[in-house]
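Dear colleague,

Please find below the structure that I am handing over to you. My notes on it follow directly after.

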Amino acid sequence: TDMLVNDHPNAADFVDEYKAGNSDIKLLTGLQFFLIDPEHDNAESAHHEGIFICFGGGDQSGLVEHFAPAVREIAKNSPVDLVVGAACGDIEVTGENVTVHRDISPAQFASLLKGTHLAITAAGNTMIERVFHQRPGISVAQFDHQNYFGTAFAERHLTVHLGIGIDISPNDLVTSAEQLYHDDDARDAQISAARTHDIRSGCSEIVSGVRSFLDS
């Protein structure tokens with residue numbers, strides 16, 4: 001291939017292996033090299049003191065149902081915006097201060113995430129969107145490769161990663177959320193770490209690279 005893009009935080013560790021097969025390959029490696037949806041770049045902040053929760057549109061591990069008691073408990077102290085996908089079916093997570101978003105546009109998703117006080121998410125692409133908006137939070141993995149991804153973000157002080165979601169008790173999620181929500185220093189540390197990753201610039205470099213091949 002002429003160009004390889006890998007947005008995993010540890011992708012730079014494999015540059016020598018990539019180059020061994022093709023010394024002329026253009027490499028864009030690291031979490032800043034991500035195709036951010038323009039809706040995130042243009043998002044208006046829906047600033048609030050609540051908590052944004054999204055375990056992914058597919059929710060392959062059933063984390064919405066697993067953590068439903070935690071969501072209700074967290075909402076006793078902070079308003080919660082819970083974003084769920086169609087794959088969640090008829091699962092209901094009701095409770096005072098819980099707003100469930102089922103049919104949400106990319107612009108609304110970006111706005112809620114950008115304005116949140118704290119995010120609780122799966123350890124997939126939303127992690128990079130969190131970094132883009134410099135939002136602190138907690139992550140849980142849907143499966144093993146997300147666990148590796150979340151751990152790499154935690155090592156860079158970009159999240160509190162709890163591990164494989166289905167193995168985490170609802171009580172442990174509640175405890176972690178309450179601790180981070182009230183720990184200004186810990187949240188500020190994540191925000192500061194996020195500022196060191198210029199995803200907007202990385203996205204532009206991907207687009208420019210693709211265009212250069214099309215124009216050649």
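**Ile 53 and its surroundings**

Leaving aside residues up to four places away in sequence, Ile 53 touches Val 71, Val 80, Asp 81, Leu 82, Val 83 and Ile 120, where contact means heavy atoms within 4.5 Å. Please note that this is a predicted model, in which local features need pLDDT of at least 70 and side-chain atom pairs count only at pLDDT 80 or more, while totals for chains, interfaces and linings use all residues. Residues are numbered from 1 along each chain as its sequence is written, and side-chain values use heavy atoms, with hydrogens and water left out.

Ile 53 stands opposite Leu 82 in S4. Strands S3 and S4 run parallel and are joined by four bridges; strands (E, at least two residues) and helices (H or I, at least four) are DSSP runs, numbered from the N terminus.

**The sheet**

Six strands, paired in parallel, form an open sheet in the order S5-S4-S3-S6-S7-S8, a pair requiring at least two DSSP bridges. Strand S5 (98-101) and strand S8 (160-164) stand at the edges with a single partner strand each, so one side of each has no neighbour in the sheet. Helix H5 (residues 106-115) packs on the sheet and touches S3, S4, S5 and S6. The direction of H5 makes about 135 degrees with that of S3; axes are lines fitted to C-alpha atoms, for helices over the stretch in contact, and angles run from 0 to 180 degrees between N-to-C directions.

**The nonpolar core**

The largest nonpolar core has 26 residues, and Ile 51, Ile 53, Phe 55, Phe 67, Val 80 and Ile 120 have the most contacts inside it. Such a core is a set of buried Ala, Val, Leu, Ile, Met, Phe, Trp, Tyr and Cys residues joined through side-chain atoms within 4.5 Å, buried meaning under 20% relative accessible area (1.4 Å probe, protein chains only). Helix H8 gives the largest share of this core, five residues. A second, separate core of 15 residues includes Phe 34, Val 131, Phe 132 and Ala 193.

**Helices H6 and H7**

The axes of H6 (residues 125-133) and H7 (residues 144-155) come within 10 Å and cross at roughly 20 degrees. The two helices are therefore roughly parallel to each other, a term for angles under 35 degrees. In this contact, Met 127, Ile 128 and Val 131 of H6 meet Phe 149, Gly 150 and Phe 153 of H7.

His 133 also lies in H6, and its relative accessibility of 9% counts as buried.

Yours sincerely

Key: Angles under 35 degrees count as roughly parallel, over 145 as roughly antiparallel, 65 to 115 as roughly perpendicular and the rest as oblique. Buried means under 20% relative accessible area, exposed over 50%, partly exposed in between (1.4 Å probe, protein chains only).
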